[in-house]
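Thank you for asking me to look through this structure with you.

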Amino acid sequence: MELKTTTDIRIIKADSSKINSVDFENLTFGNIFTDHMLICDYNDGKWDQPVIMPYEPFTLDPSAKVFHYGQAIFEGMKAYKDEHDDVWLFRPDQNFDRFNKSAVRLAMPEVPEDVFLGGLHKLLEIEKEWVKKGFGNALYIRPFMIATGSGVVAAPSTQYRFTIILSPAKSYYSGEVKVVIAEHFSRAANGGIGAAKAAGNYSGQFYPTKLANEQGFQQIIWTDDATHTKLEEAGTMNVFFRINDTLYTAPTSERILDGVTRKSIIELATKEGIDVQVRPVLVDEVVEAAENGTLQEIFGAGTAAVVNPIVGFSYKETYYELPKPENSFATFIKQQLTGIQYKQIEDTFGWTVKI
């Protein structure tokens, strides 16, 4: 695919760049941002002209509705640089579509394609030097929208701000990841906003995750809110289970995010001849598989980490260590996906888009 570009954009360049002060070999995820950002405001029922400007704080009224009623959504994307210094995106159309689905769910205006994708294209052209070559290096892209209208009446805002900020990144996770299966807390409920990338979904996870951290676990595998018998997501990622040589993952729903990495894994694994079953995955069947030795792997899938292996899980105060198979699906899938993203493997799916 090709990005829809836009010429109707105002550009205000920064006086100087801070790029030479950044240690790109020792980055903490999401702490450093590039010189410029894109903003576009929504007023009087229409979107204003987008502006690329120096990265800086912006001022909001204390009664802005984002503070009081949580109208805030976001996406997570990455840009990659190949060995020829070309910059690429991975399935940006999917993020654009999902962003607007999130907007609809939170009664926010949809962002036009020329603002989201066209503005992103122009922003990345300006910030191209922030995308570093080398496997594992990337530029993390955070588009988000907040309600900026003032007033504390409990109703949707009439004013919004769409923004894109960029952050150079290396690997998101490091070290072994152990998880606990949720028995009480829920990430999302039927009829709720679990399928949207709404800010509140993530703040609601912080407390149960803090409790898990205190027990020595890095993340939680969330279960369904009604019965806590179905496995749904792992931390902020979709999750896959390998029993024998079959991959299982839960279907998307009102509770489960339609992950771009998730759907890419399903397509890639299927093409490679791996049996992938998209169906409800029960806690009991995974525990039974762990006990009888047929559970081979569990791994999370998401933009930041791509594929994140899980070494073990706890359920009802029993810990189950996972084997380390020589023919790891997680390792193979991650190699294939990242190979496509960095243009080291031919993209036969048509997923990558050149800036």
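1. The side chains of Lys 18 and Asp 35 meet in a salt bridge, with 3.8 Å from N to O; by salt bridge I mean a side-chain nitrogen of Lys or Arg within 4 Å of a carboxyl oxygen of Asp or Glu. Both residues lie in the loop between β1 (10-11) and β2 (36-43), so the pair ties together parts that are 17 residues apart in sequence. Lys 18 is partly exposed, with a relative accessible area of 34%, whereas Asp 35 is buried at 7%; here buried means under 20% relative accessible area, exposed over 50%, and partly exposed in between, with a 1.4 Å probe and protein chains only.

2. Please keep in mind that this is a predicted model, in which local features need pLDDT of at least 70 and side-chain atom pairs count only at pLDDT 80 or more, while totals for chains, interfaces and linings use all residues. Residues are numbered from 1 along each chain as its sequence is written, and side-chain values use heavy atoms, with hydrogens and water left out.

3. How many salt bridges does the structure hold? There are 16, and among them is the one between Asp 245 and Arg 242, whose closest N and O atoms are 2.5 Å apart. Arg 242 is buried, with a relative accessible area of 2%, while Asp 245 is partly exposed at 47%; these two residues and Glu 297 are linked in a network of salt bridges. Another salt bridge joins Asp 258 to Lys 263, with 3.2 Å between the closest N and O atoms, and Asp 258 is partly exposed, its relative accessible area being 28%.

4. Arg 255 deserves a separate look: this residue lies in the loop between β14 (246-249) and α5 (260-271), and it is buried, with a relative accessible area of 14%. Leaving aside residues up to four places away in sequence, Arg 255 touches a set of residues including Arg 187, Asn 190, Asp 224, Asp 225, Glu 232 and Glu 233, where contact means heavy atoms within 4.5 Å.

5. Two residues call for a check of the backbone. Most residues other than glycine have a negative phi. Asp 85, however, has a positive phi of about 70° although it is not a glycine; this residue sits in the loop between β6 (77-81) and β7 (87-90) and counts as partly exposed at 34% relative accessibility. His 228, also not a glycine, has a positive phi of about 55°; its place is the loop between β11 (219-223) and β12 (230-234), and at 16% relative accessibility it counts as buried.

6. As for the chain as a whole, it has 7 helices and 21 strands, which are DSSP runs numbered from the N terminus, helices being H or I of at least four residues and strands E of at least two. The radius of gyration is 21 Å, close to the 20 Å that the globule rule gives for 355 residues, so the chain is as compact as a globular protein of that length; the radius is taken over C-alpha atoms, and the rule is 2.2 Å times the number of residues to the power 0.38. Along its principal axes the C-alpha trace spans about 60 × 55 × 35 Å, and buried residues make up 54% of the 355. Among contacts between residues at least 6 apart in sequence, 72% join residues at least 24 apart.
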